[in-house]
Amino acid sequence: MIENCARQLMARYAVREIRIPLLERVELYQRSSGETSDVVTKQMYAFTDRDEGQTVLALRPEGTPGVVRAYVEAGLDKRDPEQRFFYGGPMFRRERPQKGRYRQFYQFGVEIFGRADPACDAELITMVDDLCRELKLAVDFEINSLGCQECRPAFRAALLAYGREHWAHLCHDCHERLEHNPLRLLDCKIDVELAAAAPKSLDFLCPQCRHHFDLVQQLLAAAGVAYKVNPRIVRGLDYYVRTTFEVYCQALGAQNAIAAGGRYDGLVATLGGASVPASGFAIGVDRLALALELVAPGSARRVALIALGEQAVVRAAELARQLRQYPFEVELLSPERSLKAQLKRANHLGSRYAVILGEDELARGRAQLRDLERSLQHEVALEDLAQTLCAQRREDAI
Ligand code: HAM
């Protein structure tokens, strides 16, 4: 359901699909995700291929570098730089597994090339907002700006000085971070207070970056996307500049980031292409699915059809085809089970509605429509069933 919904959304945003390999040379990630990122230093599944060159390959830990490589290899950076791609599929990171954090997980990502303007960043964030609205999932958007090549060095230097000043109170990981990537000091989960009081990128933005970030915010406000500025969003991957963002679903607990992204203007050039700006995001599909299960166990689209008797099965099969066109997710339950067992199954499936077709009702051209979430039941004419369900769905959506 999530992927279907996302694909439909992509069509509306004029984003085309790109398919990228699961295996890439390990250097691709070292040069992009970053030599100091957790993804590269600790989490990659890499192995030596027994080819002549003893190439080291890695299972992709994220999609962005593969999309950029394909874009450059196809010569699009020079021929036709403005491109909008989406991709989906499994990613692999050797992390400590826990609920919402897996070693093989699924992402749905979007990458837009050739656009340096803030409207592109705002549009990407709006896409995630649209998807969550369609899925009826309440989420929080947090955004930040990390500045650019021009203004980042001063921010980095300030962080370094701050870290050195508080060296004795920093955790072991932060000591390492300070040496290799001081920005990561800000998202330390241990030195929370020190991180909160640390210098913020927003105080170091050059006029161009400040203007860019202001416009992103204006555009989000105009699009009706609620967001919070969080100066601690630095992201764990090295390629970001200017806008970064994360999307959280509070219902999820510890692993509550369901999507993240930002601008990465230097990456195409770093990977051998022309100087083309780019921006994107990736949604964690597993986490999104978990969140939907938590907040909407009875999907308003899910309908269980319960047929009691042979005549009813024939009519129920017809109805199932009809309802799927609206579209509802319809399951015609096994008529060999009792009414009680079928209702139990309908609940187990997380159906919002059960339509019960008994011989008596059928003879009168009617069915029982049961709202499983509210435990309410009433009779409807079969010819009105689809419209009644659509009306209920609209009501639920408001
Ligand atoms: P990321 O923040 O590493 O960004 O991952 C994006 C999302 O993938 C996370 O917010 C989370 O929902 C999901 N995710 C990450 N690791 C796991 C895991 N171990 N188990 C389950 N879900 C996980 C990127 O990957 C960037 N490539 C995003 C991007 C695209 N930036 C620009 N373009």
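Guide: Let's start with helix H6 in this predicted model: twelve of its 17 residues are buried, so H6 is largely enclosed by the rest of the structure.

Visitor: Which residues of H6 are the buried ones?

Guide: They are Pro118, Cys120, Asp121, Ala122, Leu124, Ile125, Thr126, Met127, Val128, Asp129, Leu131 and Cys132, where buried stands for a relative accessible area under 20%.

Visitor: And how far apart are the end C-alpha atoms of H6?

Guide: The end C-alpha atoms of H6, which covers residues 118-134, are 24 Å apart, and this agrees with the span of 24 Å that 17 residues should give at 1.5 Å a residue.

Visitor: What comes just after H6?

Guide: Just after H6 there is Lys136, which takes a positive phi of about 60 degrees, and Lys136 sits in the loop that runs between H6 and strand E7 (140-145).

Visitor: Where is Ala14, and is it buried or exposed?

Guide: Ala14 belongs to the loop between helix H1 (2-12) and strand E1 (16-17), and with a relative accessible area of 55% Ala14 is exposed. Lys136, at 41% relative accessibility, counts as partly exposed.

Visitor: Switching topic, how many residues surround the ligand?

Guide: The ligand is surrounded by 26 residues, and the closest are Glu62, Thr64, Glu95, Tyr240 and Ala257.

Visitor: What does Thr64 do there, in terms of distance to a ligand atom?

Guide: Thr64 has a polar side-chain atom that lies 2.8 Å from a nitrogen atom of the ligand. On the backbone side, a polar atom of Phe281 is 3.3 Å from a nitrogen atom of the ligand, while a polar backbone atom of Gly284 is 3.4 Å from an oxygen atom of the ligand.

Visitor: How much of the ligand does the protein bury?

Guide: The ligand exposes 660 Å² when taken alone, and the protein buries 95% of that.

Visitor: Which elements give two or more residues to the shell around the ligand?

Guide: Those elements are strand E6 (104-113), strand E10 (257-263) and strand E11 (278-284), and E10 gives the most, with six residues.

Visitor: What's the shell like by class?

Guide: The shell around the ligand has twelve nonpolar residues, together with seven polar and seven charged ones.

Visitor: Back to E10 for a second, is Arg263 buried or exposed?

Guide: Arg263, which is found in strand E10, is buried, with a relative accessible area of 0%.

Visitor: What does the side chain of Arg263 contact?

Guide: The side chain of Arg263 is joined to the side chain of Asp265 by a polar contact of 2.7 Å, and a polar atom of the Arg263 side chain also lies 3.5 Å from the backbone oxygen of Asp117.

Key
Residues are numbered from 1 along each chain as its sequence is written. This is a predicted model: local features need pLDDT of at least 70, side-chain atom pairs count only at pLDDT 80 or more; totals for chains, interfaces and linings use all residues. Side-chain values use heavy atoms; hydrogens and water are left out. Helices (H or I, at least four residues) and strands (E, at least two) are DSSP runs, numbered from the N terminus. The expected span of a helix is 1.5 Å times one less than its number of residues. Buried means under 20% relative accessible area, exposed over 50%, partly exposed in between (1.4 Å probe, protein chains only). A residue is near a molecule or strand if one of its heavy atoms lies within 4 Å of it. A polar contact is a pair of N or O atoms within 3.5 Å; within protein, one must be able to donate a hydrogen and the other to accept it, and residues adjacent in sequence count only if both atoms are side-chain atoms. Accessible areas come from the Shrake-Rupley method with a 1.4 Å probe; for residues, only the protein chains shown count as cover. Ala, Val, Leu, Ile, Met, Phe, Trp, Tyr, Cys and Pro count as nonpolar, Asp, Glu, Lys and Arg as charged, and the others, Gly among them, as polar.
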